[in-house]
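Let's take a walk through this structure together, starting with one chain and ending where two chains meet. Keep the 3D view open as you read.

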Amino acid sequence: MQRRDFHRLIAGLALTPVLTGKTLAAEWDGILSAAKGQTVYWHAWGGDPKINAFIAWVGEQAQARYGVTLEHVKLASTADAVARVQSEQAAGLTTGGAVDLVWINGENFAAMKAAGLLFGPFAEALPNWPLVDVAGKPAVVTDFTLPTDGFESPWAMAQMVFEYDSLQMKEPPQTLDLLAEWAIANPGRFTYPQPPDYLGVTFLKQVLYGMVPDPALLQQPVDDATYPATVALLWAFLDRIHPALWRSGRAFPANEPALGQLLADGEIFLSFAFNPGRASAEIAAGNLPDTIRTFTLEGGTIANASFVAIPFNASHRAGAQVIANLLLDPEVQARAQDPAVLGFQTVLDVQALPEQAKSRFDALDLGVATLPPADLGPALLEPHASWATRLAADWTARYGAAQ
Amino acid sequence: MAAPVLAGLAGTLFPALSNGAEGFRTLAAWPGLPRASALSLGSGLASTALSLFLCITLLAAFYGTGGFTPLRRLLAPLLSVPHAAAALGLAFLIAPSGWIARALSPWATGWTAPPDLLILNDAYGVSLTLGLVAKELPFLLLMALSSLNAAQTDRAMTTASTLGYGRVSGFVLTVLPGLYRQLRLPVYAVLAYAMTSVDMAMILGPTLPPTLSQQVVIWRMVPDLTQQTTAAAGAIWQLTLVLFALFLWRICEGLARHAVTLWATAGLRAPGLDAPARVLARLAASTIGLALCLGLASLALWSIAGDWRFPDALPRSFTLNAWHIALPDLLPATGLTLAIALAATLPALALTLGCLEAETRHGLSATPRAMTLLYLPLVIPQIAFLPGLQTFALMVGAEGTWPAVAATHLVFVLPYVFLSLSQPYRSLDPRLTTVGRALGKTEARIFWTLRLPLLLAPVLTALAIGMAISVGQYLPTLLVGGGRVTTLTTDAVALSSGGNRRVIGSFALLQMLLPALFFGLALALPRLIWRNRRGMLA
């Protein structure tokens with residue numbers, strides 16, 4: 001508790017007018033010169049060759065612009081990096097840690113922040129921070145309802161979109177009721193990743209959004225008294241569709257890539273992802289047929305941001321901040337949004353950018369399957385992190401040992 | 001060998017018991033526990049028993065006959081297939097949208113879309129068990145081959161057959177008892193591995209609930225880290241299950257011994273068993289060989305496939321994209337993988353030779369207790385002691401460097417090198433040494449000019465096995481390397497979490513290449529060096 005209060009105090013200080021633009025600039029110069037020659041170990045999920053190639057490109061930029069070497073530590077799961085910092089803390093390693101920068105959000109962030117495992121606040125002192133669209137994309141400072149307080153810096157926006165084969169389906173089902181009807185009419189052609197996988201839990205949260213009378217309830221921690229009544233409709237919905245799911249609900253794909261593979265193999269006709277540009281990018285890479293299109297639900301779908309954070313004991317703190325800042329550079333953001341590269345949504349306020357930077361975004365061809373930003377529909381805020389934990393545990397109890 | 005394992009175990013036991021053993025309470029509250037435990041026990045015991053049974057059948061039916069040569073050639077490449085790659089290849093072969101279904105659709109099956117059939121991830125772990133057998137049978141076979149003395153076996157089989165015994169009966173009664181004594185520890189290692197394998201279970205195993213080892217990994221990865229104590233308790237429970245399975249196995253060993261004794265005293269010649277054994281052995285060997293080869297071929301094809309959709313039997317277009325992605329990481333990762341593998345395997349080889357040489361010179365013999373200690377790292381589930389070991393390495397400040405990773409690999413490589421080398425070493429004809437001594441040669445001279453040249457083939461095989469084991473290590477490399485030591489396997493596993501078959505295909509092939517190279521050397525070098533000494537190749 002004491003440590004957290006201390007962090008709040010520091011966070012408050014960073015925003016006080018004492019630190020004028022000039023002192024910030026001088027401070028940043030110091031960070032730049034300290035960063036020069038450093039090697040930053042960025043722990044990031046390494047399961048997608050497109051993302052790996054993008055990170056390699058960011059590394060080239062960092063080397064050319066700032067003399068910072070970027071090493072991508074490819075993880076199978078972000079929890080590996082979190083557990084690593086945790087065991088360093090347990091071993092008393094307060095400096096010289098292995099992780100300099102980590103791709104993080106949601107519960108991983110909440111856990112690290114609560115345990116005092118993060119360096120900061122640093123995000124709002126980055127020179128590119130003023131370009132971030134804080135007003136239009138509140139998710140860049142609120143991570144699963146938890147204020148980021150400058151302990152992590154955003155670098156990509158994601159929103160849940162459904163993907164379907166337009167050859168198999170004329171009218172995509174844009175409400176949960178239509179979705180259930182379609183799934184039942186087409187047995188074996190829809191499924192979702194098995195919770196506690198994050199995309200699987202996101203599907204549960206999305207259904208829950210459609211079931212609760214007042215969505216504001218989801219912004220609060222789970223209340224034991226009202227919880228059973230709140231989720232009753234969710235379980236009823238799942239009970240209804242499960243017999244008609246892929247493999248009759250007796251097996252589930254492990255994660256988002258496994259779900260995407262089922263769509264690519266033609267085993268399922270309807271899928272979903274946490275990246276509106278994924279379908280176009282996969283079509284461009286030749287991994288999906290070009291008849292795949294995307295849609296969102298009436299009433300909106302869940303959206304969140306991806307962040308980078310710096311562990312409290314990072315060996316190359318200055319270099320890590322330089323990378324975090326570089327990730328907010330309009331050129332880097334525009335490249336990430338290019339469906340031929342990643343298809344990630346930008347965290348910047350494109351309209352407010354200087355003309356030259358803005359033109360990079362205007363020039364992008366979003367790809368055949370990507371919805372224009374205006375058609376994405378409302379972006380729903382992530383529920384409080386306690387919902388994910390509780391829903392995953394209850395799903396496992398209800399369906400996870402069913403056989 | 002015991003020290004790092006025990007240190008690691010302590011590091012796992014501590015969090016499991018912390019907070020009033022809270023981890024065990026949440027473990028017990030998990031509704032999937034009984035089924036997951038049963039799945040671990042069932043698939044582990046079934047796959048080990050089946051592998052051993054098939055191994056014995058193959059040997060009994062074909063050992064010493066011409067039919068055995070192609071099988072022996074196939075062993076090395078099959079052994080160098082990483083478990084995850086083998087599983088993925090098999091999965092693509094038998095899935096409803098897989099290669100077999102594609103080849104038969106739609107002309108034979110009428111399927112225009114993949115059927116909704118639960119073949120992979122079946123509830124009883126049948127796919128998983130068969131996948132494990134495909135991977136463990138070649139290993140047991142190799143271990144058996146390196147334990148069998150060709151001349152002795154031949155004599156025993158000939159004697160048995162002159163007494164009217166069938167091949168199977170003769171093998172079981174004269175060769176098997178001695179062979180199994182040598183094979184016992186490898187079998188235990190297989191049993192422990194089969195029960196705790198994560199990568200194969202992830203791809204082929206059931207999911208509702210998954211096997212215990214998989215669930216432990218899932219708990220470890222829960223983002224808010226609240227399940228770490230549950231994971232630790234699960235790892236300890238996993239260890240208990242392995243010990244229980246070993247106990248059950250020992251009971252079965254006793255029963256089997258009793259049965260063989262009854263068989264022998266009854267004097268059953270049972271020549272009628274030979275024909276079915278031959279059929280079964282041929283069927284098993286060709287099915288497994290074909291399945292693994294086709295699985296790998298499919299991965300190779302995926303690595304250059306462009307558009308490849310159901311029900312096309314072959315890709316519509318080809319691209320080198322996946323290889324372009326793999327190439328930049330390839331050279332540094334290959335170099336480091338090779339360096340670590342050599343740095344772990346050469347000392348393991350030296351230690352093994354040293355031990356065995358001391359045994360021979362001083363007439364010592366390894367006590368069962370010493371052997372058990374040596375094999376501890378193979379029997380204790382990795383997940384039960386590696387996280388603890390990582391904390392330990394952090395405290396002494398040794399982690400994050402490739403020598404530290406190589407040192408950890410040594411723990412896993414040494415037992416296998418010892419396993420594969422000890423029997424050929426011990427079964428060297430002692431009369432040769434006596435002759436050497438009689439001619440006034442020193443012990444060192446005898447070792448370098450007599451024993452080592454005679455053992456060239458087994459030493460090279462042991463080296464190749466050690467390399468294959470080191471190359472295949474994922475968890476130890478990741479945990480002790482702190483993510484800074486990137487090998488082909490850490491890259492391959494990180495990429496396979498993304499499920500991209502094209503990239504997985506290219507990395508799996510690369511991952512196979514190094515061990516395959518050394519297995520190839522182990523086959524080719526003795527032939528090259530002894531091309532004028534036919535007797536040395538026997």
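First, some ground rules. This is a predicted model, in which local features need pLDDT of at least 70 and side-chain atom pairs count only at pLDDT 80 or more, while totals for chains, interfaces and linings use all residues. Residues are numbered from 1 along each chain as its sequence is written, chains are lettered from A and ligands numbered from 1 in the order in which they are written, and side-chain values use heavy atoms, with hydrogens and water left out.

Let's begin with chain A. Its secondary structure comes to 14 helices and 11 strands, where helices (H or I, at least four residues) and strands (E, at least two) are DSSP runs numbered from the N terminus. The C-alpha atoms of chain A fill a box of roughly 65 × 50 × 35 Å along the principal axes. Why does a radius of gyration of 21 Å agree with a compact globule? Because a compact globule of 403 residues would have a value near 22 Å; the radius is taken over C-alpha atoms, and the globule rule is 2.2 Å times the number of residues to the power 0.38.

Chain A is assigned domain 1 (23-157 + 304-370) and domain 2 (161-303 + 380-399), with bounds that come from an automatic or database domain assignment. The C-alpha centres of these two domains of chain A lie 28 Å apart. Their contact (heavy atoms within 4.5 Å) takes 16 residues from domain 1 and 22 residues from domain 2.

The size of an interface is often given as the accessible area lost when the parts come together. Between domain 1 and domain 2 of chain A the buried area is about 1,600 Å², with carbon and sulfur atoms giving 61%; this is the accessible area (1.4 Å probe) that two parts lose on being put together, summed over both. On the domain 1 side, A:Phe144, A:Asn304 and A:Ala369 lose the most area to domain 2, together 34% of what that side buries.

The count between these domains of chain A is 1 salt bridge, meaning a side-chain nitrogen of Lys or Arg within 4 Å of a carboxyl oxygen of Asp or Glu. A salt bridge links A:Lys50 and A:Glu282, whose closest N and O atoms are 2.6 Å apart.

Two loops of chain A deserve a look at the backbone. The peptide bond from A:Gly120 to A:Pro121 is cis, with omega near 0 degrees, and A:Pro121 is found in the loop between α5 (106-114) and β4 (142-143). A:Asp149 is not a glycine, yet has a positive phi of about 50 degrees; this residue lies in the loop between β5 (146-147) and β6 (152-159) of chain A.

Now turn to chain B. A cis peptide bond joins B:Phe310 and B:Pro311, with omega about 0 degrees, and B:Pro311 is in the loop between α12 (274-303) and α13 of chain B.

How many residues does each chain give to the contact between them? Chain B gives 52 residues and chain A gives 60 residues. The area buried between the chains is about 4,600 Å², of which carbon and sulfur atoms give 54%. The count between chain B and chain A is 2 salt bridges. B:Asp116 and A:Arg247 meet through their side chains in a salt bridge (2.9 Å, N to O).
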